[in-house]
Amino acid sequence: MTKVTILGASGGVGQPLSLLLKLSPYITELSLYDLRNVEGVSKDLSHINTNSKCTGHGEIDIEKALKGANLVIIPAGVPRRPGMSRDDLFKINAKIVKSLVSYTGKFAPGARILIISNPVNSMVPIAVEQLKLMGKFQPGNVVGVTMLDLVRAETFVVDFLGEDSTLDKTKMDKDITVIGGHSGNTIVPVFLNKKLGETLKMKKCYDEFIHRVQFGGDEVVKAKDGAGSATLSMALAGYKFAEEILRSLHKAKSTMTTIPAFVYLPGISNGKEVQEKVGNKNLEYIALPVNLVYGSVASIDTTVLDNLTSEETKLLNIAVKELIGNIDKGKKFIIGASKL
Ligand SMILES: NC(=O)c1ccc[n+]([C@@H]2O[C@H](COP(=O)([O-])OP(=O)(O)OC[C@H]3O[C@@H](n4cnc5c(N)ncnc54)[C@H](O)[C@@H]3O)[C@@H](O)[C@H]2O)c1
Ligand SMILES: O=C(O)C[C@H](O)C(=O)O
């Protein structure tokens, strides 16, 4: 029996993500929670004849939504409008994430928790500190979803290199990964296949490629013109990541070469090694390829940090500086400036 709960299931991300998860063979109960329209969404999905039953839960029903959940995914919160940064969402989304993570700690303390709500760089520290305060924090169980950055990087590299390239478009995660965080300069694409990076440089489009990956979210916000941010591509990315967690829970083989996630380093076996390799012992969170065991992050694949080019190192150093501020902001929201 595997129960997956989506908190914020009626939203732009929540609905298509729920649809994709309804197709997962690993889920027996898909539990949807939202403050609005959840009865309609869950009834609609419940007519799909797949493995899982789909249940819907409104505001007063959060205990039922969460009880027994193995995996909790949180896309609840407001999205950006043109002219806004992800950090502009902090005030509203921090309260939402804090409250939903508290309920998760209370009613589903063993669940793996995936944070989609923005700004991810600050929302994950909020989730971790809140669970620590409650005495419910389990290292490796709380991660921020940065998979959309990898999905974009895989897509854009093919866009830049053209149709006649010999690339396998469906398996690009062996060639590229994305590390750092999830906002602008904190997003750092890294080539595992160095030849591809070199080719982009030769074609004089490396910088443009990096910019597109770092600011791909803005492209969508601009195109949607006030109607929100990425929802469909995010649903696909969230589904891909959730499926990897579910495969790991079910001891099935991963389909990916690298699985990036934004993680809390002190909670991970080789977290210290990462801090040393990044050159900052105070860095508590970063997105890197992770190794999963039973759906939890057991360790980090640090090989990516051993083979950075000078450009990638420069980008990572810029990212780390910005990340530290984002992380502190999230921590302070829970534990207060005086205790830091
Ligand atoms: N990590 C990423 O790569 C990524 C990508 C896309 C979007 N996002 C973020 O995901 C979030 C959601 O985006 P969206 O487009 O789905 O927004 P949306 O407004 O369409 O949906 C958000 C949903 O959350 C619900 N909600 C709000 N407060 C809630 C609460 N306390 N409990 C339960 N549900 C609650 C709303 O009712 C709504 O249905 C945003 O913060 C956005 O920035 C992150
Ligand atoms: O850009 C946003 O605000 C949403 C999301 O983080 C994205 O990268 O598309």
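In this predicted model, a polar side-chain atom of Arg152 lies 2.7 Å from an oxygen atom of ligand 2, a polar contact in the sense of a pair of N or O atoms within 3.5 Å (within protein, one atom must be able to donate a hydrogen and the other to accept it, and residues adjacent in sequence count only if both atoms are side-chain atoms). Oxygen atoms of ligand 2 are also approached by polar side-chain atoms of Arg86, at 2.8 Å, and of His182, at 2.5 Å. The surroundings of ligand 2 comprise Arg80, Arg86, Asn118, Leu148, Arg152, His182, Gly217, Ser229 and Ala230, where a residue is near a molecule or strand if one of its heavy atoms lies within 4 Å of it.

Being a predicted model, it is described with local features at pLDDT of at least 70 and side-chain atom pairs only at pLDDT 80 or more, whereas totals for chains, interfaces and linings use all residues. Residues are numbered from 1 along each chain as its sequence is written, chains are lettered from A and ligands numbered from 1 in the order in which they are written, and side-chain values use heavy atoms, with hydrogens and water left out.

Asn118, one of the residues around ligand 2, also belongs to the surroundings of ligand 1, which count 28 residues, the closest being Gly12, Val13, Asp34, Val78 and Asn118. A polar side-chain atom of Asn118 is placed 2.9 Å from an oxygen atom of ligand 1, and an N or O atom in the side chain of Arg36 is 3.1 Å from an oxygen atom of this ligand. Val145 contributes through its backbone, an N or O atom of which lies 3.3 Å from a nitrogen atom of ligand 1.

Two features of the backbone deserve a look here. Most residues other than glycine have a negative phi, and most peptide bonds are trans. The peptide bond from Asn118 to Pro119, however, is cis, with omega near -5 degrees, and Pro119 is found in the loop between β5 (112-115) and α5 (120-134); helices (H or I, at least four residues) and strands (E, at least two) are DSSP runs, numbered from the N terminus. Asn37, which is not a glycine, has a positive phi of about 60 degrees, and its place is the loop between β2 (29-33) and α2.

How do the axes of helix α1 (residues 14-22) and helix α2 (residues 38-46) cross, and within what distance do they come? They come within 11 Å and cross at roughly 25 degrees, and α1 and α2 are therefore roughly parallel to each other. The contact joins Gln15, Ser18, Leu19 and Lys22 of α1 to Val41, Leu45 and Ser46 of α2, contact meaning heavy atoms within 4.5 Å. Axes are lines fitted to C-alpha atoms, for helices over the stretch in contact, with angles from 0 to 180 degrees between N-to-C directions; angles under 35 degrees count as roughly parallel, over 145 as roughly antiparallel, 65 to 115 as roughly perpendicular and the rest as oblique.
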